[in-house]
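Subject: Structure for your review

Dear colleague,

Please find the structure below, handed over for your own work. A summary of what was found in it comes after.

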Amino acid sequence: MGRDTIADIITSIRNADMNRKGTVQIASTNISENIIKILLQEGFIENVRKHREDNKTFFVLTLRHRRNRKVLYKTSLNLKRISRPGLRIYSNYQKIPRILGGMGIVILSTSRGIMTDREARLERIGGEVLCYIW
């Protein structure tokens, strides 16, 4: 069985956010690098640095947290994997879903690379719906 790297990224970030961790380590791949760039551009994470240790490279993400969260299991960052290896979900540019009326983002894998829903609509290109983030 192959590994689902996108699900690993999403799960690592979600678990760190639920446990109020400040940083997360994610294995360095081309897909993870593109997804992390989108998260950084959209303001869901504060900082990213690339770290190398024993011939393994990984990203260290600094998560953005709300200061006075009183509810224990309420997360400030919600991520949901949509397309998975067992069930691929594709969408054309006209039917790309809007998350929270445009407040959240959809990450798509298109023929021109991994991009957000806004970029895909502007370029009038569809693709595989990877995940929702809000």
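This is a predicted model: local features need pLDDT of at least 70, side-chain atom pairs count only at pLDDT 80 or more; totals for chains, interfaces and linings use all residues.

Residues are numbered from 1 along each chain as its sequence is written, and side-chain values use heavy atoms, with hydrogens and water left out.

Helices

Helices (H or I, at least four residues) and strands (E, at least two) are DSSP runs, numbered from the N terminus. Helix H1 covers residues 5-18, and its 14 residues should span 20 Å at 1.5 Å a residue; the end C-alpha atoms are 20 Å apart, which agrees. The expected span of a helix is 1.5 Å times one less than its number of residues.

The buried residues of H1 are Ile-6, Ile-9, Ile-10, Ile-13, Ala-16 and Asp-17. Seen down the axis of H1, these buried residues fall within an arc of 140°, so they line one face of the helix. Here buried means under 20% relative accessible area, exposed means over 50%, and partly exposed lies in between (1.4 Å probe, protein chains only); the arc is that of the directions from the helix axis to the C-beta atoms. An α-helix has 3.6 residues a turn, so residues three or four places apart point the same way. The cover over the buried residues of H1 includes strand E1 (23-27), helix H2 (30-42), E3, strand E4 (79-81) and E8, where contact means heavy atoms within 4.5 Å.

Helix H2 has 13 residues and reaches 19 Å from its first C-alpha to its last, close to the 18 Å expected at 1.5 Å a residue. Ser-32, Ile-35, Ile-36, Ile-38 and Leu-39 are its buried residues. Seen down the axis of H2, they fall within an arc of 155°, so they line one face of the helix. The exposed residues Asn-30 and Gln-41 are carried on the face of H2 turned away from its buried side.

Strands

Strand E8 is mostly covered, with seven of its seven residues buried. Strands pair if DSSP finds at least two bridges between them, and the antiparallel partners of E8 include the following:

- E4 is joined to E8 by three bridges, and Leu-79 stands opposite Ile-133.
- Strand E5 (residues 90-91) pairs with E8 over two bridges, and Tyr-90 has Glu-128 as its bridge partner.
- Strand E6 (residues 105-110) is joined to E8 by five bridges, and Ile-107 has Cys-131 as its bridge partner.

E2 and E3 also run antiparallel, joined by eight bridges; Arg-52 stands opposite Thr-57 in E3. The two strands form a hairpin with two residues between them.

Largest pocket

What lines the largest pocket? The residues are Arg-3, Thr-5, Asp-8, Ile-9, Ser-12, Gln-25, Ile-26, Ala-27, Thr-29 and Ser-32. The elements that give two or more residues to this lining are H1 and E1, and H1 gives the most, with four residues. About 150 Å³ of space lies in the largest pocket.

On a 1 Å grid over the protein atoms alone, a pocket is an open set of points where a 1.4 Å probe fits, with protein on both sides within 12 Å along at least five of seven lines; lining residues have an atom within 4 Å of a point. Grid points are joined across faces, edges and corners, and a volume is the space filled by probe spheres set on the points.

Backbone angles

Most residues other than glycine have a negative phi. Asn-55, in the loop between strand E2 (45-53) and strand E3 (56-63), has a positive phi near 60° and is exposed, with a relative accessible area of 71%. Asp-54, in the turn of the E2 and E3 hairpin, has a positive phi of about 55°. Arg-124 lies in the loop between helix H3 (117-123) and strand E8 (127-133); its phi is positive, near 55°, and at 57% relative accessibility it counts as exposed. H1 is followed by Arg-20, with a positive phi near 55°, and H2 by Gly-43, with a positive phi near 85°.

With kind regards
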